[in-house]
Amino acid sequence: MRVHVFHTGAVCVSPNLPFGGEDCNPIKASGIFQKRSERIWLPVSAYLIESDHGLVLVDTGWDRSMSPNGTLDKEAQIASLGSRALYLTNQGVIAKGMAIGEQLAAMGIKPQDLDYVILTHLDCDHANGVPQIVGARHIVTSADELASINKNVMARIRYQSKWWEGSGLKTFDWNGTEGPFHKSYDLFGDGSIVCIAIPGHSDGLCAVRVSADDGRFVLLFSDGGYGEKSWRELIPSGIANNRADQMTSLRWIREQSLDPKCVESLANHDQKVKPHVIEL
Ligand SMILES: [Zn+2]
């Protein structure tokens with residue numbers, strides 16, 4: 001097993017978003033009243049798992065249409081996201097060659113070579129890049145996540161189905177009882193790649209655990225936290241759908257990360273994590 005950690009550009013957010021804490025309000029964390037100079041840039045990660053069952057991609061990052069020339073492009077972003085409001089909270093830049101489709105192509109990998117694409121959740125910085133991997137054999141997210149996209153006004157602003165329309169996105173139902181909410185989905189039925197429900201940031205958010213035969217594992221906890229500091233100090237991000245669930249998920253991420261068999265525990269947007277390859 002091998003896990004490639006990619007950076008597929010960056011996202012400009014309020015500094016209150018990653019480590020805003022339990023008392024942070026959503027307006028403050030969204031940064032909509034904050035100048036760009038007061039904001040911070042975080043990486044947007046995606047992961048390629050080389051497994052015995054084939055290639056599995058986790059998340060897609062931004063689409064090239066967000067940043068056609070590799071620079072910040074307001075009008076292109078509003079068009080790509082399909083929303084002016086989302087542009088205000090999420091601005092992205094992807095240098096040339098860094099979009100996930102471009103990085104895979106540089107490795108000689110076509111979308112058709114991907115057995116699975118797992119979307120840990122459907123936020124724009126994870127699902128806006130789906131058009132680059134259309135043709136993958138299976139593109140999946142949790143049924144809980146897809147069910148939440150129209151649940152209220154906030155959700156209808158947050159999620160735009162145009163990102164994955166026509167991609168053949170399918171949902172999976174939990175088929176196991178692992179994790180803090182006893183909801184998990186074993187992708188191949190052998191425990192090698194398991195999606196584990198860690199709701200809070202979004203309703204259907206999942207972590208992906210990649211395990212070797214000897215029990216050593218890598219935990220990709222997506223936006224369940226924003227770095228090691230999140231789980232070490234139990235500091236939640238500034239925005240949550242459900243604070244109580246978010247904290248329950250974060251405590252579980254901490255427990256897993258401290259497990260001696262945990263080789264690496266990675267947040268999607270950790271500034272301290274650089275692109276690298278993990279051999280399991
Ligand atoms: Zn994210």
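Visitor: How many residues lie between β10 and β11 in their hairpin, and which residue in the turn has a positive phi?

Guide: A word on the source comes first. This is a predicted model, in which local features need pLDDT of at least 70 and side-chain atom pairs count only at pLDDT 80 or more, while totals for chains, interfaces and linings use all residues. Residues are numbered from 1 along each chain as its sequence is written. Strands (E, at least two residues) and helices (H or I, at least four) are DSSP runs, numbered from the N terminus. The hairpin of β10 and β11 has 5 residues between its strands, and G215 in the turn has a positive phi of about 95 degrees.

Visitor: In which sense do β10 and β11 pair, and over how many bridges?

Guide: Two strands pair if DSSP finds at least two bridges between them. Here β10 and β11 are antiparallel, with 4 bridges; S211 has F217 in β11 as its bridge partner. Strand β9 (residues 193-197) also runs antiparallel to β10, joined by 5 bridges, and V194 stands opposite R209 in β10.

Visitor: How many of the residues of β10 are buried?

Guide: A residue is buried if 20 or more other C-beta atoms lie within 10 Å of its own, exposed if 12 or fewer, and partly exposed in between, with C-beta atoms placed from the backbone. In β10 (residues 206-211), 5 of the 6 residues are buried. For the protein, 51% of the 280 residues count as buried.

Visitor: Which residues of α10 are buried, and which are exposed on its other side?

Guide: An α-helix has 3.6 residues a turn, so residues three or four places apart point the same way. In α10, the buried residues are D245, Q246, S249, L250, W252, I253 and Q256. They fall within an arc of 160 degrees seen down the axis (the arc of the directions from the helix axis to the C-beta atoms), so they line one face of the helix. On the other side, R243, A244 and E255 are exposed. The cover over the buried residues of α10 includes β11 (217-220), α9 (228-232) and β12 (262-266).

Visitor: Where is V13 placed, and is V13 buried or exposed?

Guide: V13 is in strand β1 (residues 2-13) and is buried, because 25 other C-beta atoms lie within 10 Å. Contact requires that the C-beta atoms of two residues, placed from the backbone, lie within 7 Å. Leaving out residues up to four places away in sequence, V13 touches G31, R39, I40, L42 and N90. V13 and Q91, 78 residues apart in sequence, are 7.4 Å apart in space, C-alpha to C-alpha.

Visitor: What percentage of contacts in the protein join residues at least 24 apart?

Guide: Among contacts between residues at least 6 apart in sequence, the figure is 67%.
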